[in-house]
Amino acid sequence: MLNIISTLLTFVFNAIKYLLEFLAIVILGIVGAILYSVPWLLRIVALLLWLGGDYLGITSIQTIYSPISPAIPVIALQFAVILLSVGWLLFVLNKNTRLVWGGMAAGGLFIGSASIGSIWLLAHWQFADLFFRVLPPALFSVLLIYETIRMRSIRRNGNMKLESGIDEPDEIVSDLLEINPVAIQ
């Protein structure tokens, strides 16, 4: 009888041991799978932040400008948010392709926080309505002035290149910086 009890106790202890080993393997497998999927989860979070920031930007434009503007300018401003977001992503891709996921997350966080901040400003500042009415035309005016000056500068540099008869920019620079050695006696 004691032999049967000791055999049953060994069987129970072995079963518990195998069960604990099985649970340890399952838990370690789950931890390994989570650690293996962390980069992909972070990429999904970056994509969701980017899309969420764009959504917040578009809805804040709708909230701020739809009571005071017709539909077409509001849609144009919403398109500007999309253009800004995609332009930022293309800029990051141009500089370093390894930073694209962080750039997406940073762009989404920036646009989202700016949108939340603008809605908060509209609710808590009495002159916010005037500020948001003046902001788009002022930014557009500054952009036009900048582009006018920039294009005039490019046109002048192009005319200088045509007058000198030199096509290569390196030759223009070398002609402008040409130093003639002085003869020493």
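This is a predicted model: local features need pLDDT of at least 70, side-chain atom pairs count only at pLDDT 80 or more; totals for chains, interfaces and linings use all residues.
The protein has five helices and zero strands. Read from the N terminus, its elements follow the order α-α-α-α-α. Of its 185 residues, 16% count as buried. Contacts can also be sorted by how far apart the partners are in sequence. Among contacts between residues at least 6 apart in sequence, 57% join residues at least 24 apart.

The packing of the helices can be followed pair by pair, starting with α1 and α2. Helix α1 covers residues 2–65, and helix α2 covers residues 71–95. The two pack at an angle of about 155°, and their axes are 9 Å apart. Angles over 145 degrees count as roughly antiparallel, so α1 is roughly antiparallel to α2. Their crossing is right-handed. On the α1 side, the residues that meet α2 are W50, D54, G57, I58, I61, Q62 and Y65. On the α2 side, the partners are V74, L77, Q78, V81, I82, S85, V86 and L89.

Helix α1 also packs against helix α3, which covers residues 100–124. Here the angle is about 30° and the axes are 7 Å apart. Angles under 35 degrees count as roughly parallel, and therefore α1 and α3 are described as roughly parallel to each other. The crossing in this case is left-handed. The residues of α1 in this contact include R43, A46, L47, L49, W50, G53, D54 and G57. Those of α3 include W101, M104, A105, G108, L109, I111 and G112.

The remaining pair to consider here is α2 and α3. These helices pack at an angle of about 150°, with axes 9 Å apart, and they are therefore roughly antiparallel to each other. Helix α2 passes α3 in a right-handed crossing. The contact is made by V81, L84, S85, W88, L89, V92 and L93 of α2 together with V100, G103, M104, G107 and I111 of α3. With a relative accessibility of 35%, V86 counts as partly exposed. From V86 to G107 the C-alpha distance is 9.3 Å, while the two residues are 21 apart in sequence.

The aromatic side chains give another view of the model. A pair of aromatic rings is described by the distance of the centres and the angle of the planes. The structure holds five aromatic pairs. In one of them, the ring centres of Y65 and F132 are 6.5 Å apart and the planes stand at 85°, so the pair is edge-to-face. Y65 lies in α1 and F132 in helix α4, residues 128–164, so the pair ties together parts that are 67 residues apart in sequence. Y65 and F132 are both buried.

Another pair is formed by W125 and F127. Their ring centres lie 6.3 Å apart and their planes are at 80°, so this pair is edge-to-face. W125 counts as partly exposed at 38% relative accessibility. F127 also counts as partly exposed, at 47%. Ring pairs link W125 and F127 with Y65, F131 and F132 into a cluster.

R43 lies over the face of W40, at 4.5 Å from the ring centre.

Definitions and conventions
Residues are numbered from 1 along each chain as its sequence is written. Side-chain values use heavy atoms; hydrogens and water are left out. Rings of Phe, Tyr and Trp (its six-membered ring) pair if their centres lie within 6.5 Å; planes under 30 degrees apart count as stacked, over 60 as edge-to-face and the rest as tilted. Helices (H or I, at least four residues) and strands (E, at least two) are DSSP runs, numbered from the N terminus. Buried means under 20% relative accessible area, exposed over 50%, partly exposed in between (1.4 Å probe, protein chains only). A charge sits over a ring if NZ of Lys or CZ of Arg is within 6 Å of the ring centre and within 35 degrees of the ring normal. Axes are lines fitted to C-alpha atoms, for helices over the stretch in contact, and angles run from 0 to 180 degrees between N-to-C directions. Angles under 35 degrees count as roughly parallel, over 145 as roughly antiparallel, 65 to 115 as roughly perpendicular and the rest as oblique. A crossing is left-handed if the near helix is turned anticlockwise from the far one by less than a right angle, and right-handed if clockwise. Contact means heavy atoms within 4.5 Å.
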